[in-house]
Amino acid sequence: MTTTQTWTPFEASIPEILAQYPEPLMALARGEVPAFVLRQHYNPAHCRALMRRFYERSLLYDPHEVGDGQARRVDIGTSFGHHRSDREKFHAHSAETLALFETLFDGYDDPVRTMYDALAQLAPDKEVKTAREPDGRLYGPAIFRVYHRETGHGPHYDSVAKRTKAFEYQISRFKHQFAGVLCFQNSTKEGGTGEPYLYNCPFRPALTEHLGRENFAAYVAREGIERVQVQLEPGDLYFFFSENIHEVPSVVGDQPRAVLAIFFAMSPDDDEIYVWS
C-alpha cells in the first residue's frame, strides 16, 4: 500500500507563494506547509567564491585539526544562544559581526541582504529589521554555520520565548519564531547527511521526555507524525517555523556543510519582524 505525503515543502517563486498563501508566515505557523523553498535564489557561483574567501581569511578551519581536535560547528557570526548569558559580550560580539559583514561580501551579491529582501517580500505588511534593544544596540544579523563531520543537531525546537525564555531581550516579545537557511555548500551527502528534517509537530511540554534522538524516532513512528527532508543545493533558500521539531543528521565525510542562517520572529498584530542569529 502506498501512502501519499500530504505535508510537503512548497517550492515556487515569491509571487507564486503569495498567490497560493497570502499570509505565508502564518501558513507556516499553522502547519499548513512545512517550508517555503526558493530554488537558486542566490548565485551558487558566489557561494563557492565566498567559501574560498572564508578559508583565505582564516574564518573557516577544520576543528578536527586544531585545538583539542573535537568535532564542533564553526560559526562566522554571532550566536545569540551562545552569547546571550552576558549581555555586554553579546552586544560587543554582534558589533564585530556587523563590522565584518560590511566588507566580507565585497564583489559579490550580499547574501544577508538577499535573505532579508526575500523575507520582506513574503511579509509585505511588515517592516523587516535586524533585532535591536531599546537603546539601539543591534543583534548579529545572520550567521554562517559550518558543520564538519560528526556534527549536526538532534531533534529540537527553537523559540526565545518558549524554550530559551530570555525575557530580558526584546525578541521575546513576539508570538511566533521562524528560521531561514541559505545553502552555501553541501556535505558529500553520504546517506543524506546534513540535510534537515522537519516534523509536523509543534513543541508542547509533554514532548520534552521524547526529544532524545532514539526516543523521538520511536515517538514519531508510534504517533504517525509526518516528516520531510529538505534537500538543498548551493543557492537554495528556505523558510520554516522553528517551533516545529526539526533535526540535522550528523555530517559524514570530509566536506563540511555550510549554510547562512537567520532566526526571525513576528506577531500578527505587530508591524515589525525582528531578525537575528
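**Figure 1. Strand 12 and the largest pocket.** Strand 12 contributes 5 residues to the lining of the largest pocket, the most of any element. Everything here comes from a predicted model, in which residues are numbered from 1 along each chain as its sequence is written, local features need pLDDT of at least 70, side-chain atom pairs count only at pLDDT 80 or more, and totals for chains, interfaces and linings use all residues. Side-chain values use heavy atoms, with hydrogens and water left out. The largest pocket holds about 630 Å³ of space. Its lining has 34 residues, and those closest to the centre are Arg-145, His-153, His-156, Asp-158 and Phe-263. Among the elements that give two or more residues to this lining are helix 4 (80-83), strand 5 (143-147) and strand 12 (257-266). Helices (H or I, at least four residues) and strands (E, at least two) are DSSP runs, numbered from the N terminus. A pocket is an open set of points on a 1 Å grid over the protein atoms alone, where a 1.4 Å probe fits, with protein on both sides within 12 Å along at least five of seven lines; lining residues have an atom within 4 Å of a point. The volume is the space filled by probe spheres set on the points, which are joined across faces, edges and corners.

Figure 2. You can find Asn-186 in the loop between strand 7 (176-185) and strand 8 (197-202). Is Asn-186 buried or exposed? Asn-186 is buried because its relative accessibility is 8%, and buried means under 20% relative accessible area (1.4 Å probe, protein chains only). The Asn-186 side chain makes a polar contact with the side chain of Arg-257 at 2.6 Å, and also reaches the backbone oxygen of Leu-232 at 2.8 Å. A polar contact is a pair of N or O atoms within 3.5 Å; within protein, one must be able to donate a hydrogen and the other to accept it, and residues adjacent in sequence count only if both atoms are side-chain atoms.

**Figure 3. Strand 8 and its partners.** Strand 8 runs antiparallel to strand 9 (residues 227-229), joined by 3 bridges, and antiparallel to strand 11 (residues 244-248), also through 3 bridges. Two strands pair if DSSP finds at least two bridges between them. Look for Leu-198: its bridge partner in strand 9 is Val-228, while His-246 stands opposite Leu-198 in strand 11.

Terms used:
Buried < 20%, exposed > 50% of the residue type's maximum accessible area, 1.4 Å probe, protein only.
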